[in-house]
Amino acid sequence: MARRAAKHLAAANEDAQSSIRRSHASMAASCFAALFLAETGVNLAPLLAMKWSQELAASLQHASVARQKFREVKYRGGGSEVTFTVSLCFMPKLKRYLALREYLVQDADCDALFLVIGRSAQQRQLVGLPPHFLVQLYRRLDTFGIVLPRVSARQWRAARQDWAVSNHGPVVAARLMGHSLATALRSYSNGTDAAHKAEMGAFLASVEKTVLKPGDDPAGSIRSAVGVCIEFHKPAPIAASVTVQPDCRSTEGCLFCERYRVHADATDIRKLLGCRHCVRLVSRRADSIEQYDRSFGAVLRRVDFLLNELRGRDAALVDQIEHDVDIEGNLDAFWSARLDQLYELGVA
């Protein structure tokens with residue numbers, strides 16, 4: 001028996017298109033399709049309908065920047081335009097999959113982007129990915145002793161949506177997920193209701209004096225990374241219930257200080273958006289929801305509250321700068337330098 005197995009193994013090694021090689025390649029293709037679902041959060045139907053074309057390989061070399069660390073891939077396949085957004089680190093995996101697909105296809109006539117070997121007697125026959133491919137994949141992995149949680153395509157999309165909103169905010173999440181901003185906003189929540197209510201009370205009590213008209217510079221005030229301080233080195237909390245205590249050595253602490261002010265102008269709006277951008281990047285390092293809310297959630301809620309107040313004064317200006325910061329990556333000088341530091345430290 002051992003001799004026969006060795007003979008079959010030698011024959012398979014000599015044949016680049018042996019049935020066992022192609023069977024394993026087919027399973028690898030299914031594994032990548034699952035990874036693609038998790039990476040993009042695309043719905044199952046569009047995934048199954050994606051077509052391959054010669055343009056795809058070329059488009060990977062010239063993928064447009066959706067935002068920092070993300071690339072938007074566009075190409076025409078099957079007579080229609082195909083668009084999806086992936087992280088920069090996923091691009092090499094996508095290129096390797098295309099090489100795997102080329103190996104499977106050979107000269108076969110199959111234009112599906114995601115494909116597997118059919119269960120017919122002819123092991124070289126290719127078919128498009130079946131709707132229940134995840135179920136089949138999990139079962140086959142079970143036979144190798146690899147038991148994974150049964151995550152459906154819908155659950156992958158929900159998880160991707162939650163991650164995108166938590167780490168990049170509703171605006172970027174909407175673009176990454178390919179849906180409306182309203183849909184992303186419905187998923188935007190951090191912390192407990194009790195904490196939100198306590199914070200909101202403190203925010204509302206201080207907002208009237210916090211937001212200044214453009215050009216209104218109180219005597220003795222100094223510029224800060226998030227706005228203006230009217231009495232430096234004299235921090236005082238906006239309320240007893242604030243989660244973050246004001247500290248003149250902490251940029252984020254300024255947001256919860258009685259001495260903090262922000263102008264309803266382009267300069268200070270960009271500062272707040274730059275702050276939010278950087279905090280979101282660092283927040284994904286949190287080990288738990290509790291740590292996230294304790295360390296980052298309160299700051300993000302405070303910034304969003306202030307931005308909503310500023311939006312009430314000039315919605316078009318806030319929306320324009322929000323797009324410029326979150327989508328185009330144009331932060332002001334201070335937060336741009338901070339962002340570079342975060343990348344150098346490997347925490348963003």
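User: What share of the contacts in the protein chain with a separation of 6 or more comes from residues 24 or more positions apart?
Analyst: This is a predicted model. Its chain holds 14 helices and nine strands. Among contacts with a separation of 6 or more, residues 24 or more positions apart account for 62%.

User: What percentage of the 348 residues in the protein chain is buried?
Analyst: Buried here means under 20% relative accessible area. Of the 348 residues in the chain, the buried ones make up 44%.

User: Which element gives the most residues to the largest nonpolar core?
Analyst: That core has 38 residues. Phe36, Leu47, Phe84 and Phe114 have the most contacts inside it. Elements giving two or more residues include α4 (54-61), β3 (80-87) and α5 (91-105). The top contributor, with eight residues, is α2.

User: How many residues are in the other core, the one with Leu255 and Cys257?
Analyst: This core lies apart from the largest one. Ala264 and Leu307 are also among its members. In soluble globular proteins, nonpolar side chains tend to be buried together. The count for this core is 33 residues.

User: Is Leu307 buried or exposed?
Analyst: Leu307 sits in helix α12 (residues 289-313). The cut-off for buried is under 20% relative accessible area. Leu307 has a value of 1%, so the residue is buried.

User: What is the C-alpha to C-alpha distance between Leu307 and Val318?
Analyst: Leave aside the neighbours of Leu307 within four places in sequence. Its contacts are then Ile269, Leu272, Leu273, Arg276 and Val318. Leu307 and Val318 are 11 residues apart in sequence. In space, C-alpha to C-alpha, they are 7.5 Å apart.

User: What is the handedness of the crossing of α2 and α6?
Analyst: From α2, residues including Ser23, His24, Met27 and Leu37 take part in the meeting of the two helices. From α6 come Phe133, Leu134, Leu137, Arg140 and Leu141. The crossing is left-handed.

User: Which strands are at the edges of the four-stranded open sheet?
Analyst: The strand order is β6-β9-β8-β7, with mixed pairing. An edge strand in this sheet pairs on one side only. The edges are β6 (211-212) and β7 (222-224).

User: Which residue in β9 is the bridge partner of Val211?
Analyst: β6 pairs with β9 (residues 260-263) in the parallel sense. Two bridges join this pair. In β9, the partner of Val211 is Val262.

User: What angle does the direction of helix α11 make with that of β9?
Analyst: Helix α11 (residues 266-283) packs on the sheet. There it touches β7, β8 (227-229) and β9. Its direction makes an angle with that of β9 of about 120°.

User: Is Gln106 buried, partly exposed or exposed?
Analyst: Gln106 lies in the loop between α5 and β4. Its phi is positive, about 55°, although Gln106 is not a glycine. Relative accessibility is 47%, so Gln106 counts as partly exposed.

User: Is His233 buried or exposed?
Analyst: His233 is in the loop between β8 and α10 (251-254). Its phi is positive too, about 70°, and His233 is not a glycine. The cut-off for exposed is over 50%. At 59% relative accessibility, His233 therefore counts as exposed.

Definitions and conventions:
Residues numbered from 1 in each chain as written. Predicted model: local features only at pLDDT ≥ 70, side-chain atom pairs only at ≥ 80, totals over all residues. Heavy atoms only, no water. Core = buried A, V, L, I, M, F, W, Y, C linked by side-chain atoms within 4.5 Å. Buried < 20%, exposed > 50% of the residue type's maximum accessible area, 1.4 Å probe, protein only. Pairing = 2+ DSSP bridges. Contact = heavy atoms within 4.5 Å. Axes fitted to C-alpha atoms, helices over the stretch in contact; angles between N-to-C directions. Left-handed = near helix turned anticlockwise from the far one by under 90°.
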